[in-house]
Amino acid sequence: QVQLVESGGGLVQPGGSLRLSCAASGSILRINFMGWYRQAPGKQRELVATITSGEITNYADSVKERFIISRDNAKNTVYLQMNSLKPEDTAVYFCNAEVTRVFFPRPAQYWGQGTQVTVSS
């Protein structure tokens, strides 16, 4: 099995910064895509940012120029640096990874349990 564990959420004032981390563990042969999604109350889960194993990144328009996604392949960890936070960034943030497991040639999607980010004064 594969586990994704997020950390770094919390309460921050508008204009502030937070850094989320997500560490993957288990019977991992290779991690392809890693990314962050978020879900605000009453809304659907939406893409925030993704990063490939070759560090090609993709961002939602709403977070471009404010958020930075990065990964440490040696640690199987993905990060999300969030700057200039706005109240509308308030949501539960979920880590996602496409993982090829040992002895299982077909990759599968895995999700973390989510971490709450609240932007409020």
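Among contacts in the protein chain between residues at least 6 apart in sequence, what percentage join residues at least 24 apart? The share is 55%, where a contact means heavy atoms within 4.5 Å.

1. Basis of the note. The model is predicted: local features need pLDDT of at least 70, side-chain atom pairs count only at pLDDT 80 or more, and totals for chains, interfaces and linings use all residues. Residues are numbered from 1 along each chain as its sequence is written, and side-chain values use heavy atoms, with hydrogens and water left out.

2. Secondary structure. The protein chain has 11 strands and zero helices. These elements are DSSP runs, numbered from the N terminus, with helices being H or I of at least four residues and strands being E of at least two. Read from the N terminus, the order is β-β-β-β-β-β-β-β-β-β-β.

3. Overall dimensions. The radius of gyration of the protein chain is 14 Å, which agrees with the value near 14 Å for a compact globule of 121 residues. This radius is taken over C-alpha atoms, and the globule rule is 2.2 Å times the number of residues to the power 0.38. The C-alpha trace spans about 50 × 25 × 25 Å along its principal axes.

4. Burial and surface. Of the 121 residues, 44% count as buried; buried means under 20% relative accessible area, exposed over 50%, and partly exposed in between, with a 1.4 Å probe and protein chains only. The protein chain exposes about 6,600 Å², of which carbon and sulfur atoms supply 51%. Accessible areas come from the Shrake-Rupley method with a 1.4 Å probe; for residues, only the protein chains shown count as cover.

5. Salt bridges around Asp89. Four salt bridges are found in the whole structure, each being a side-chain nitrogen of Lys or Arg within 4 Å of a carboxyl oxygen of Asp or Glu. Arg38 and Asp89 meet through their side chains at 2.9 Å, N to O. That pair links distant parts of the chain, 51 residues apart: Arg38 is in strand 4 (residues 28-39), and Asp89 is in the loop between strand 8 (77-82) and strand 9. Arg66 also forms a salt bridge with Asp89, with the closest N and O atoms 2.7 Å apart. Arg66 lies in the loop between strand 6 (57-59) and strand 7 (67-72), so its pairing with Asp89, in the loop between strand 8 and strand 9, ties together parts that are 23 residues apart in sequence. Through shared partners, salt bridges join Arg38, Glu46, Arg66 and Asp89 into one network. Arg38 and Asp89 are both buried; the relative accessible area is 1% for Asp89 and 9% for Arg66, which is buried too.

6. Salt bridge at Asp61. The side chains of Asp61 and Lys64 meet at 3.2 Å, N to O. Asp61 is exposed, at 64% relative accessible area, while Lys64 is partly exposed, at 40%.

7. Strand 9 and strand 10 run antiparallel and are joined by five bridges; two strands pair if DSSP finds at least two bridges between them. Asn96 stands opposite Trp111 in strand 10. The two strands form a hairpin with two residues between them, and Phe103 in the turn has a positive phi of about 75 degrees.

8. Nonpolar patch. Phe103 also belongs to a nonpolar surface patch with Leu29, Val102 and Phe104, with about 460 Å² of accessible area together. Patches are made of residues with over 30% relative accessible area and no salt bridge; like charges are joined within 9 Å and nonpolar side chains (Val, Leu, Ile, Met, Phe, Trp, Tyr) within 5 Å. Val102 lies in the loop between strand 9 (91-101) and strand 10 (104-111) and counts as partly exposed at 30% relative accessibility.
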